[in-house]
Amino acid sequence: MRVFVAIVLVSLTWLTACQENRETTRTVEMYNSSDDMIGTANLTEADAGVNVKLKLEGLEPGYHGIHIHEYPKCDAPDFKTAGNHLNPTGDQHGLMHPEGAHLGDLPNIEADADGLVDAELMLPEATLLDGKKSLLDGEGTSLVITEGQDDGVSQPGGDSGARIACGLIAKDEKKTTETPTDPTNFNEEQEE
Ligand SMILES: [Zn+2]
C-alpha cells in the first residue's frame, strides 16, 4: 500500500510540474445582470483540455448551468449577445446526450448556502491556443452562468433558464488597455 501511495504522490507532483510549465492562462471576470463583479474563472491550458477554476459569490444556493458561448459580448441584463453555446463541431447540446456535446458544455456548478462557488471544471478538447476548438478563435468567446441547472439533454441549452452572469474571454483583452502601437514601428515589423 505504501508503495502505491508513493507512486500516486510522485505522479501528482509530476503532473503539477507539467501544468506549471504551461504559460497559457486567462483570468475571466464574471459580472451579474446588475453589472456587479461576482468573481473569477481562471482558465489554464492543460493536456486534457482547458481547466476552469471558479471562485464566485452572490449566487442563489443550488445548481446552475455554466457554458462557453460563441461571442465575446456580455451585454446586461440578459446577456443574449453572447450567442449560443460554443459548438464548432456541430454536435448536439448536453453532456448526457448521445450525440453531444457542445465544445462549450460544462458540468453544473453548485452554490452553497452562502451563495459561494469554489469549483474546478474541465473543458475536454478545448484549447486556448490556435485552432478550430480554441476559446480564442475569431474574436473570442464568453462564459455564461444560468439561473437553473442544465439537464444535460434538452436542446438547445439544457433548459437551464435565464442567463444571470457573464464574463468575456476576448482575444484582444490586453490590447484594449495598451496605448496604440507607433505606426513607424509597425511598418518596420511588417517589412521583416
Ligand atoms: Zn450546449
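Visitor: How many residues of strand 9 are buried?
Guide: Eight of the eight residues in strand 9, which covers residues 163-170, are buried, where buried means that 20 or more other C-beta atoms lie within 10 Å of a residue's own, exposed means 12 or fewer, partly exposed is in between, and C-beta atoms are placed from the backbone. Strands here are DSSP runs of E with at least two residues, numbered from the N terminus. Bear in mind that this is a predicted model, in which local features need pLDDT of at least 70, side-chain atom pairs count only at pLDDT 80 or more, and totals for chains, interfaces and linings use all residues. Residues are numbered from 1 along each chain as its sequence is written.

Visitor: Which strands pair with strand 9?
Guide: Strand 8 (residues 140-146) runs antiparallel to strand 9 and is joined to it by seven bridges, with leucine 143 opposite glycine 167. Strand 1 (residues 25-32) also pairs with strand 9 in the antiparallel sense, over two bridges, and there asparagine 32 stands opposite alanine 165. Pairing requires that DSSP finds at least two bridges between the strands.

Visitor: And how many bridges join strand 1 to strand 2?
Guide: Seven bridges join strand 1 to strand 2 (residues 37-46), and the two run antiparallel, with methionine 30 standing opposite glycine 39. In their hairpin, which has four residues between the strands, aspartate 35 takes a positive phi near 70°.

Visitor: Changing topic, where is glutamate 57, and what does it touch?
Guide: Glutamate 57 lies in the loop between strand 3 (49-56) and strand 4 (62-64). Not counting residues up to four places away in sequence, glutamate 57 touches Ile38, Gly39, Gly115 and Leu116, a contact being two C-beta atoms, placed from the backbone, within 7 Å. Glycine 115 is 58 residues away from glutamate 57 in sequence, yet their C-alpha atoms are 5.6 Å apart in space.

Visitor: Why does it count as partly exposed?
Guide: Glutamate 57 is partly exposed because 14 other C-beta atoms lie within 10 Å.

Visitor: What about the confidence, on average and over residues 175-180?
Guide: The chain averages a pLDDT of 86, and 78% of the residues score at least 70, pLDDT being the predictor's confidence in each residue, from 0 to 100. Where pLDDT is low, the predicted coordinates should not be read in detail.
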